[in-house]
Amino acid sequence: RTPFSQSFRCQGGWAWHALARACAEHVVRFVAERPEVVRYYRRTVSPEESFVQTVLVNAGRFRLCNDNRRFAADYQAKTGRPRVLVDDDFATLTSGHYDFARKLDELGSASLLDRLDAEVHGIRRAPRPEAVTPSPN
C-alpha cells in the first residue's frame, strides 16, 4: 500500500534541492505530522528523488521552480558522471545562473579554482607550476 491518493499525488525530480526557509520548515512539520508517509519512503529505493517534491507540490502553497541552480558538465554516457570542470568553464560558472557546480578536482581544476577565488573572494594566488609528469625510466 502507498500513502498516495487523488488528493495526495506522488511527485519526483532531482535529488538536489535549493529550498526557501518556508519550504524547509514545511517539510520538517510534515515529517512530524505524517509518520506513515515517512515510513513508506523508508522502504523505497530513492526517496530523495520524490519525498521533498511530493510534500511541497501537494502543499499547494509554494511557488516552485524546476531549477536546482547546479551545473554539471557533459555527463559521460557510460558512467553517468560529469566531467571535471576546467578553465574553459569559468564563463558559464560566473554567469549568475548557478550557485553550485560539480565536478571539481584539486589538480585538474586548479586554475579554475584560482580564478573563482579571485572573482568571488578577491583572493589572488601566485601562478601554480605546471604539473610535471614523471618520465618513464
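Me: Helices are DSSP runs of H or I with at least four residues, strands are runs of E with at least two, and both are numbered from the N terminus. Where is T54 found?
Reply: T54 is in helix α3. This is a predicted model, where local features need pLDDT of at least 70 and side-chain atom pairs count only at pLDDT 80 or more, while totals for chains, interfaces and linings use all residues. Residues are numbered from 1 along each chain as its sequence is written, and side-chain values use heavy atoms, leaving out hydrogens and water.

Me: Is T54 buried or exposed?
Reply: Buried, because its relative accessible area is 0%. Buried means under 20% relative accessible area, exposed over 50%, and partly exposed in between, with a 1.4 Å probe and protein chains only.

Me: Which residues does T54 touch, leaving out those up to four places away in sequence?
Reply: F4, F8, R9, C10, Q11 and Y41. Contact means heavy atoms within 4.5 Å.

Me: And the buried residues of α3, what do they pack against?
Reply: They pack against α1 (21-33) and α2. F51, V52 and L56 are among the buried residues of α3.

Me: Different spot. Where is S50?
Reply: S50 sits in the loop between α2 (35-42) and α3 (51-59).

Me: Why does S50 count as buried?
Reply: Because its relative accessibility is 9%.

Me: What joins the side chains of S50 and Y41?
Reply: A polar contact of 2.7 Å. That term means a pair of N or O atoms within 3.5 Å; within protein, one must be able to donate a hydrogen and the other to accept it, and residues adjacent in sequence count only if both atoms are side-chain atoms.

Me: What about just after α3?
Reply: G60 is there, with a positive phi of about 65 degrees.
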